[in-house]
Amino acid sequence: MQWTDIQQIAARLAAQHPDRKPLAVEFPEVRDLVTGLEGFSDDPARYNVRILESIQLAWCDRTE
């Protein structure tokens, strides 16, 4: 799984953290949660704020 696999990452985060409110999770923690996912194989330093925001919003869509 790569940083650009936004929907797959969001699905995994929603499944692993069903009680979390995605918009309350700060970007550094989003980064840590993503890099800690099983199957994540991208360079942990190859992210940017836009990617983290996209992941957070996609995760939010899956919790509504």
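**Briefing: helix packing, aromatic pairs and salt bridges**

In helix α1, the buried residues are I6, I9, A10, L13 and A14. Viewed down the axis of α1, these buried residues fall within an arc of 130°, so they line one face of the helix. The model discussed here is a predicted one. Its secondary structure amounts to three helices and zero strands, arranged along the sequence in the pattern α-α-α.

**Helix packing**

- The buried residues of α1 pack against both α2 and α3.
- Helix α1 covers residues 6–16, α2 covers 27–35 and α3 covers 49–63.
- In α2, the buried residues are V30, L33 and V34. These residues cover an arc of only 100° around the axis, which puts them on the same side of α2.
- An α-helix has 3.6 residues a turn, so residues three or four places apart point the same way.
- The buried residues of α2 pack against α1 and α3.

**Overall dimensions and surface**

- The C-alpha trace spans about 30 × 20 × 15 Å along its principal axes.
- Of the 64 residues in the protein, 36% are buried.
- Where contacts join residues at least 6 apart in sequence, 77% of them join residues at least 24 apart.
- The accessible surface comes to about 4000 Å², and carbon and sulfur atoms account for 47% of that surface.

**Aromatic pairs**

- The structure contains two aromatic pairs. In one of them, the ring centres of W3 and F40 lie 5.0 Å apart with the planes at 75°; because planes over 60 degrees apart count as edge-to-face, this pair is edge-to-face.
- The W3–F40 pair links distant parts of the chain, with W3 in the segment before α1 and F40 in the loop between α2 and α3, 37 residues apart.
- W3 is buried, its relative accessible area being 0%. F40 is likewise buried, with a relative accessible area of 13%.
- The rings of W3 and Y47 have their centres 5.5 Å apart and their planes at 45°, so this pair is tilted.
- The W3–Y47 pair also links distant parts of the chain: W3 belongs to the segment before α1, whereas Y47 belongs to the loop between α2 and α3, 44 residues apart.
- Y47 is partly exposed, with a relative accessible area of 28%.
- Through these ring pairs, W3, F40 and Y47 are linked into a cluster.

**Salt bridges**

- A search of the whole structure finds three salt bridges.
- One of the salt bridges joins the side chains of E29 and R20, at 3.0 Å from N to O. E29 is found in helix α2 and counts as partly exposed at 33% relative accessibility. R20 also counts as partly exposed, at 30% relative accessibility.
- E29 also has a stated separation from H17: the two residues are 12 apart in sequence and 13 Å apart in space, C-alpha to C-alpha.
- R31 forms a salt bridge with D32, and the closest N and O atoms are 3.1 Å apart. R31 is partly exposed, with a relative accessible area of 24%, and D32 is partly exposed, with a relative accessible area of 44%.
- The side chains of R46 and D42 meet in a salt bridge at 2.9 Å, N to O. Here R46 is partly exposed, with a relative accessible area of 46%, whereas D42 is buried, with a relative accessible area of 8%.

Technical notes:
Residues are numbered from 1 along each chain as its sequence is written. This is a predicted model: local features need pLDDT of at least 70, side-chain atom pairs count only at pLDDT 80 or more; totals for chains, interfaces and linings use all residues. Side-chain values use heavy atoms; hydrogens and water are left out. Rings of Phe, Tyr and Trp (its six-membered ring) pair if their centres lie within 6.5 Å; planes under 30 degrees apart count as stacked, over 60 as edge-to-face and the rest as tilted. Helices (H or I, at least four residues) and strands (E, at least two) are DSSP runs, numbered from the N terminus. Buried means under 20% relative accessible area, exposed over 50%, partly exposed in between (1.4 Å probe, protein chains only). The arc is that of the directions from the helix axis to the C-beta atoms. Contact means heavy atoms within 4.5 Å. Accessible areas come from the Shrake-Rupley method with a 1.4 Å probe; for residues, only the protein chains shown count as cover. A salt bridge is a side-chain nitrogen of Lys or Arg within 4 Å of a carboxyl oxygen of Asp or Glu.
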